[in-house]
Amino acid sequence: DGNISRKDFDGFKEIFHRFLQVKGPAVDWAKINRPPEDSIQPYEKIKTKGLPENIAASLNKLAVVKLNGGLGTSMGCKGPKSLISVRNENTFLDLTVQQIEHLNKTFNADVPLVLMNSFNTDEDTKKILQKYKHHRVNIHTFNQSRYPRINKESLLPIAKNMGMNGENGEAWYPPGHGDIYASFANCGLLDKLLAEGKEYIFVSNIDNLGATVDLFILHHLMSQPADRRCEFIMEVTDKTRADVKGGTLIQYENHLRLLEIAQVPKAHVDEFKSVTKFKIFNTNNLWISLPAIKRLQEQNAMELEIIVNPKTLDGGLNVIQLETAVGAAIKSFNNALGVNVPRSRFLPVKTSSDLLLVMSNLYSLDAGSLTMSKKREFPSTPHVKLGSSFTKVQEFLSRFESIPDMLELDHLTVSGDVTFGKNVSLKGTVIIIANHGDRIDIPAGAMLENKIVSGNLRILDH
């Protein structure tokens, strides 16, 4: 499509031009302040407002956008990550459709689902959408831009032509989710949703299973006085040691701003990672005003900080990708707000260790939403570290005859060639380490509580 690639090219030209002009880190560390007290509201406070009589009226002004540009490669899968099965044969996409369909049926509402695909995921995703034709949810898709990768040395594009074939396919990349504003406007969906009376979008990563439509946050947005309309809410949650790389909210030149680790000067990275100075991080669950996006796009007023992402291609060539983050736009919107939400709204599945948690009895599934089982004594999730034999989903699945009972688990480390029989239960801290060349088979029905298993344990059929 000639028109699309022209718009892509204009967008790339602009970001590339800015990249060449900017010298040094994007932030002046001395100007960084903690956000003022009232700019990050506790979720409990927003919840005390309760809900209106007519929730449907609010829901009908909402569209849900899922970021669906990513492939499942880091988990050893081909095709879109959203098509990986996470729970009882349901994929990320299935769960999303079930959640929204449940909302639409329960409240007799019309919340559409919008998928932002990339050129990597578009074709496969569209094929699968046929199966939701008779579900009560209108699904729209649009594509992220396609930008050229740049040779790190020469700063020239490595593409031979505009095509995607053969090794020229490696010459292109989708420029991060900050691209949503431009591509959403360019494809005509922004105007279409505005014409349908939609006022807000709820944006989140499709692999975050905690990112369900929250009626209290929606009501909070809808009940603001017209002259003080909150145009952007970022859901943040308390940092734990596992989240030191997540972006955080800061106050910078009188605006709330998202600070990503990539923007931090080397000397301050440890400070950025500290749990004391920056106590919260961005879940990438965002509520954004559609009229505001339209206004800012027309004024070309969103200058998103550029994230320079270095990559090495298969042939050893060093390239850079210029990317932006959707949350970085927070500084351009009026009356932006952070809402400190419970950890349960951040449940991303990035690795097979995460997958083990969401497949287990720690969670129960109800109408597409995962909730922590009532039987778990404490609210935090166990810390799970599975070794490299579990990285790929296929191999991971072959190592569990059934998913162990993990209700009373605090910590699990597994390394080496380990398999689990049926109905194993794990409690407290369990560490299983098979040395190189050894194999450990945890027998069916085993109960391991505060145990270290090492060496060689093979149980053979007689």
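Helices are taken as DSSP runs of at least four residues, numbered from the N terminus. In this predicted model, helix H1 covers residues 2–21, and Phe 12 and Phe 16 lie 4 residues apart within it, which puts about one helical turn between them.

The structure holds 14 aromatic pairs. In one of them, the ring centres of Phe 12 and Phe 16 are 5.5 Å apart and the ring planes meet at 15°, so the pair is classed as stacked. Phe 12 and Phe 16 are both buried. A second pair, formed by Trp 29 and Phe 278, has ring centres 6.2 Å apart and planes at 75°, and is therefore edge-to-face. Trp 29 belongs to the loop between H1 and strand E1 (40–42), whereas Phe 278 belongs to the loop between helix H9 (269–273) and strand E14 (280–289); the pair therefore ties together parts that are 249 residues apart in sequence. Trp 29 and Phe 278 are likewise both buried. Phe 12 and Phe 16 also belong to a cluster linked by ring pairs, together with Phe 19, Tyr 147 and Tyr 173.

Charged side chains also sit over aromatic rings. The charged end of Lys 239 is placed over the ring of Phe 272, at 5.3 Å from the ring centre. The charged end of Arg 399 is placed over the ring of Phe 390, at 5.4 Å from the centre of that ring.

Under "binding site", an unreviewed UniProt entry lists Lys 81, Gln 144, Gly 176, Asp 207 and Lys 350. Gln 144 is located in the loop between strand E6 (139–143) and strand E7 (147–148). With a relative accessible area of 10%, Gln 144 is buried, because buried means under 20%. When residues up to four places away in sequence are not counted, the residues touched by Gln 144 include Gly 69, Met 116, Asn 117, Ser 118, Pro 174, Pro 175 and Gly 176. Gly 176 is itself among the positions listed in the UniProt entry.

Asp 207 lies in the loop between strand E10 (200–205) and helix H8 (215–222). Its relative accessibility is 6%, so Asp 207 also counts as buried. Apart from neighbours within four places in sequence, Asp 207 is in contact with Lys 81, Phe 92, Leu 347, Pro 348, Val 349 and Lys 350. Of these contacts, Lys 81 and Lys 350 are also named in the UniProt list. The side chains of Asp 207 and Lys 81 make a polar contact at 2.9 Å.

Definitions and conventions
Residues numbered from 1 in each chain as written. Predicted model: local features only at pLDDT ≥ 70, side-chain atom pairs only at ≥ 80, totals over all residues. Heavy atoms only, no water. Phe/Tyr/Trp six-rings, centres within 6.5 Å; stacked < 30°, edge-to-face > 60°. Helix = DSSP H or I, 4+ residues; strand = E, 2+ residues; numbered from the N terminus. Buried < 20%, exposed > 50% of the residue type's maximum accessible area, 1.4 Å probe, protein only. Lys NZ or Arg CZ within 6 Å of the ring centre and 35° of its normal. UniProt positions renumbered as here; feature names shortened; annotations may be inferred. Contact = heavy atoms within 4.5 Å. Polar contact = N/O pair within 3.5 Å; in protein donor to acceptor, adjacent residues only side chain to side chain.
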